[in-house]
Amino acid sequence: MRDAMTLLNVNDIIWPALNGELAWNILQKNFESSLIPCLIVLDLNMPKMNGTQTLSKIKNDNRFKEIPVIIYSTSINPLEKEKCILLGAHSYITKPVSFEESIETARIFLQFCQKLLA
Amino acid sequence: MTMHELARVTLDNDMDLILVHKRCMKLGELGGLSLSAQTTFATAVSEISRNALESEKGGCLILNVETDGRDKYLVACLKDKQFNHKRFSQGLEYAKRLVNKYNVSEINGETNIELFYNISPPFRIDVAKVEEWRNMFRAEVPISPYEELKRKNEQLLNLSEKVQTSEAQYRALTNSLPMIIFSLDMKGHLLYANEWLTKYTGETIDSLNGSGWKAVVHENDYESFYHLLKNPVTKGSTTIKTQARLKHKNGEEFLWHQISISPFINDTEEEIQYWIGYIVDIHTQKVFEETLKDNAELKRTQDQLKENQQTLEKYIEELNRSNYELQQFAFVASHDLQEPVRKLLFYSDYLLKTYTNSIDQKGFEYLGSMHTASKRMRTLIQDLLTFSRINKEEIRFKPIDLNTVAKEALQDLEISIEEKGARINIQSLPVIISDQGMMRQLFGNIIHNSIKYSKPANAPVIDITCQQKDNFLELSFSDNGIGFNEQYLPQMFTLFQRLHDRQSYEGTGLGLAICRKIAEIHGGKIWAQAKEGEGATFFVSLPMNQSAN
């Protein structure tokens, strides 16, 4: 995905995190510098703090709850999907399986942010 | 006043007068009277005795000695059952003058005449003396064969009286016991029975002997009962018992009784004289026993049931656990398996697309087959996931318009339909209660199957028709494809079964298995008809309404 973003020349606007816990740390650290992301892309299956836990934490914090969260996972069962929507996820995108798809996905994320900023 | 009886003489005929005289003389002698005094006393007693003899019933003379007080008397007491003063007047008048005092009384229509003759013996008359006199009278040598006979007769009468009293006592005793007591002769005939026999059975000894107890004993118990009654059991045997139901005279009800008979053997004789027995009501006990037995059986059944239930619960628990594990497996398949496959797919694609110049032809081919294999694996995992998600918990029944479902399925297959130029004719379909997603999958899989196995030369034509049979909708999907040999039918709807190699026809072997699972979970079924080279028809029968399911 980072490669795809690089191809679109927008790599520097991404803060990647390996798991939910790290994502949370990054969010808090940047908040101190008054930096708030315009979009959070969240995988579900992560070590330490998984997707739904992270989602719930974000949506229960007044500082971050307005940030749209897109669930980004390989597959999702209907129950989990329902849970994510209830927790306040914006939408859901299946991980790409081809190069073209990955470019397409990256473009969607970018457009989403641009629309928000406009 | 205490009178001690010493002897008695019944007055039956003239001969008895001699006996009276003799006894009185003897009593006088014992009392120490002179011979003339003895004669006087004996004469007085004889006088009244003669009068008594004239009565038809006769009387009885009792000789006593009275020892109380200062004066001692010989007392002759005459008891006469017929009261007749006239008869006595003459003899009594005479006798009165011969004795010291007399007494005439009437008690219960019986005349009692007592003559007192004073004695003053030179010895004490105590209990021992009285007993000595009694023995003397008893041992008196009979004066004549008549006296001998009379004495024996008296003894017999006495005995018979005692026997009668004793018998009456026993009868009262046996009647007071709440059981039937009886005796039987050697042929099994009743000789005696207490009144309970009649009270309970309503029959008499004679009627029972006549009918052989047939009306009284329950027919199922009759044989053993009759056997006990009739079978001559020889000596040396002891008590024999049996149980039988006997009918009460007041109704149709038979109550359980215990019948016991024992041989009666006289001490002196070895042979069995007769049988004595009793019949006692054991109905309550028997019913209680039966109830206990029933209860025990019930308890056993209950225990068995409990055990079965526990086993069942154990199985259910195991099944639930196994189901849970399967669901977990589906979850694992959805994430942990899919992600690595996705990565394989993604990076092989990435390499194929962006590293075109740095990989040689050979490497490109290897990468290509790796990419194809990853794609197949992804489809396989997704199909498995679909299959595992078709279960009772996931199903959502709603009225579903099958026309919409068919349209959606065609949309899903748009690419392959266009690719093959397939024509699909769909008859107007009804609304049935079912799960929309599953129906879409079912239609999609069958249509996809037909398109996939079409003849290379012919564009596929699929006709979807339906007809209602009772509460079931029978859908048929007919194609003009390659068909198949019906001998493979049984395998076709099971997991991973494929009739063709992957090179000729793509697929995971799960499509029809998924269709079967969907049909079955709806309470329906799926089957097919085909001939090799002549197309195939798949039938799906589904209930119109799930409430009947």
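This is a predicted model: local features need pLDDT of at least 70, side-chain atom pairs count only at pLDDT 80 or more; totals for chains, interfaces and linings use all residues.
Let me start with strands 8 and 9 of chain B, the latter covering residues 254–265, which run antiparallel and are joined by 8 bridges; strands here are DSSP runs of E of at least two residues and helices are runs of H or I of at least four, numbered from the N terminus.

Residues are numbered from 1 along each chain as its sequence is written, and chains are lettered from A and ligands numbered from 1 in the order in which they are written.

In chain B, 5 strands make up an open sheet with antiparallel pairing, in the order 7-6-10-9-8, where two strands pair if DSSP finds at least two bridges between them. Strand 7 (190–193) and strand 8 (240–247) of chain B each have a single partner strand, so one side of each is left without a neighbour in the sheet.

Turning to the cores, the largest nonpolar core has 38 residues, and B:Leu442, B:Phe443, B:Ile447 and B:Cys515 are those with the most contacts inside it; such a core is a set of buried Ala, Val, Leu, Ile, Met, Phe, Trp, Tyr and Cys residues joined through C-beta atoms within 7 Å, buried meaning that 20 or more other C-beta atoms lie within 10 Å of a residue's own, with C-beta atoms placed from the backbone. Helix 13 of chain B gives the most to this core, with 7 residues.

How values were computed: A residue is buried if 20 or more other C-beta atoms lie within 10 Å of its own, exposed if 12 or fewer, and partly exposed in between; C-beta atoms are placed from the backbone.
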